[in-house]
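Me: Can you walk me through this one? I'd like to go over how the pieces touch.

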Amino acid sequence: MLAALLPWFAVLIVVITSTGLFLNRDWRWDLGLLAVQYLGVSILVAQHWPLGMAAAKLVTGWMATAALGMTFTALPPHEESIERIWPQGLGFRFFMVGMILVLTISVTPRMAGSMPGIGAPVIAGTILLIGIGLLHLGTSSQIARVIFGLLTVLSGFEILYAAVEGSILVAALLAVVTLGLGLVGAYLLNGSIVAGDL
Amino acid sequence: MNAPFLWIILPILIGGFALMLINEHTTAIFGGSMSLLLAGIALVLPIDEALRLGPLSLKVASTASFLGRTLVLSASEAPLLVMIFGMCALWFFGAEAAGVASRLIPLGLIITSLLVASIAVQPFLFASLLIEMAVLVAVPLLSPLERRPGQGVIRFLIYQTLGMPFILFAGWLLAGVEASPGDLSLTIQSTVMLGLGFAFLLAIFPLYNWIPQLLEESSPYVVGFLLWLLPTIIVIFGMSFLDRYAWLRTSSEVISGLRVVGLLMLVTGGLWAAFQRHFGRLMAYVTIAETGFLLLAVSLAAGTSADLVFLFLIPRGLSLAIWALSLSILRTSDESLRFSSLQGIARTYPLATAGLILATLSNAGFPLLAGFPPRLALWEGLAHESIAAAVWYLVGLIGILVGALRMLAVLVMEKEESPWILKENLVQRGMLAIGILGLFFLGLFPQALGPVIEQMPLMFTHLSR
């Protein structure tokens, strides 16, 4: 019973953390949410991969978060600049997340039917993370938001890809890419500090 | 000793060592010489065959195991290695003249190694992960720590990263298509996934807006290096799909799609190039048109042979190198690279101006220059398939030519008679002179590349006919 509920619990974690990551603008909360999001991701990955490999995903995600965190702590206090192109109000962002949630709820059963053996929680987690990750990328050009967005999209993809590909090499390369994205994000944020942009 | 160690691990180690070199001149000589050495080894050392040196016998194995998978660089890939490392040597020797040697060479070698690994990895689908790693290494190259990261580098990162999941997922779907070839919906899904993946990776219309932005905000030489290397490897990766899956190779829709997209890239790139007022953006649009040439060559390769695709690679690399070097030199005079700020600069930078104009003309397929033979062969091949396509091809070429002529007019347009001064330093003069001579040499004697180019298609089983 508990084993059957665990993936749905992971989806709940992912819903809360990814939504919070998109709505919130305080980097301390963002990093905490990202770290917890990786916990949900690794639980979903563990549905198809051995626990050890899924744990590696968790550790890599936390390492990427830590790399970003260390850079954020070095940043001078600043307000995140507001994008002019898109409405950035909390209500609008809630609405967009709501759209993704509706999309996830409506598409998951259909996809679960056409992709047997993968499981509805895995598909729901994938759609949700990719959707919200793309929202990050589509509504902001801030470096931190872009990196959060890319990490979120990649997490969503990794959940689904773990169900179809169990190669150790793929796991290792995806871990390197996740860590690399964290480091590149840290580097670009550092560049902004050095250039006096923040 | 095995080939993946020689051409993947060793360049990474060399790149790591080059990071410790501080002097620009030393770094350029070291990086260029090492690349030349790796190209030379690929040229003379047989892979998977015993080489007798007196009492000694040396054999380089083609395969290495890595985390349960294999990296394979067989003898058929040796000409490609010669081309890649040979061109890298050219770029690295020129890096000193462009003033970016200490940044380009260490990271450039690591990027090259990762991209060579993407050709070597089996199954080849995993190449997209290695390409993504190369993209991540390219970010510090494009955005030095002391400069604010621009929108171009951020979009480059986003688009290249989004391409990877599509390719990996398409690979999984393609396995399903192989298992049930009659499943039309699965075939369409996999083709769309694959198309989207390559659209992101190759910056296909309209996903190429990061290229002009990058050339406005980053060093033209560094961007030029990436714009040469990345599409070259990605096109070869794409050809692996055509070679592997017969239904892709024989699908008239896929071939027509490639041709239409290639023409779209060529025509939009050419027309935008004709109207630019910024030298960097002009180069960006011409490189976009260059991707169009490659896609058109691939569309013909699927039906006939891959020779034409490889005919483009060396002239493309050479003209981009000269173009990027010339722009880097002109950038020392005015960082903005706008037409208005560099008007009449031919009198103070005559060699850089000549390099810029000749490289653009070569890209436009001007006779006597390196770009002419492959463009003529492609035009001829295209005309056999469709006259309309050949006409659109001409429109693209005219666009680039107009861009070159406008550039020439601006560079020589001096308000009053002023003396001719050579402001390029000795290294810059030397590198530009070698490059310009190379452009003419490859234009006059294209058959000189024959021994290397003729062997390259052999890396494919079905496209090498």
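Here is a short chat about the domains and the chain contact.

Reply: Quick note before we start: this is a predicted model, where local features need pLDDT of at least 70, side-chain atom pairs count only at pLDDT 80 or more, and totals for chains, interfaces and linings use all residues. Residues are numbered from 1 along each chain as its sequence is written, while chains are lettered from A and ligands numbered from 1 in the order in which they are written.

Me: OK, how is chain B divided?

Reply: Into domain 1 (1-122) and domain 2 (213-459), with bounds from an automatic or database domain assignment. Their C-alpha centres lie 25 Å apart.

Me: And how many residues does the contact take from each domain of chain B?

Reply: Domain 1 of chain B puts in 25 residues and domain 2 of chain B 22 residues. Two residues are in contact if their C-beta atoms, placed from the backbone, lie within 7 Å.

Me: Which helices supply the domain 1 side?

Reply: H3 (78-98) and H4 (101-120) of chain B each supply at least two residues there. H3(B) has the largest share, 13 residues. Helices here are DSSP runs (H or I, at least four residues), numbered from the N terminus.
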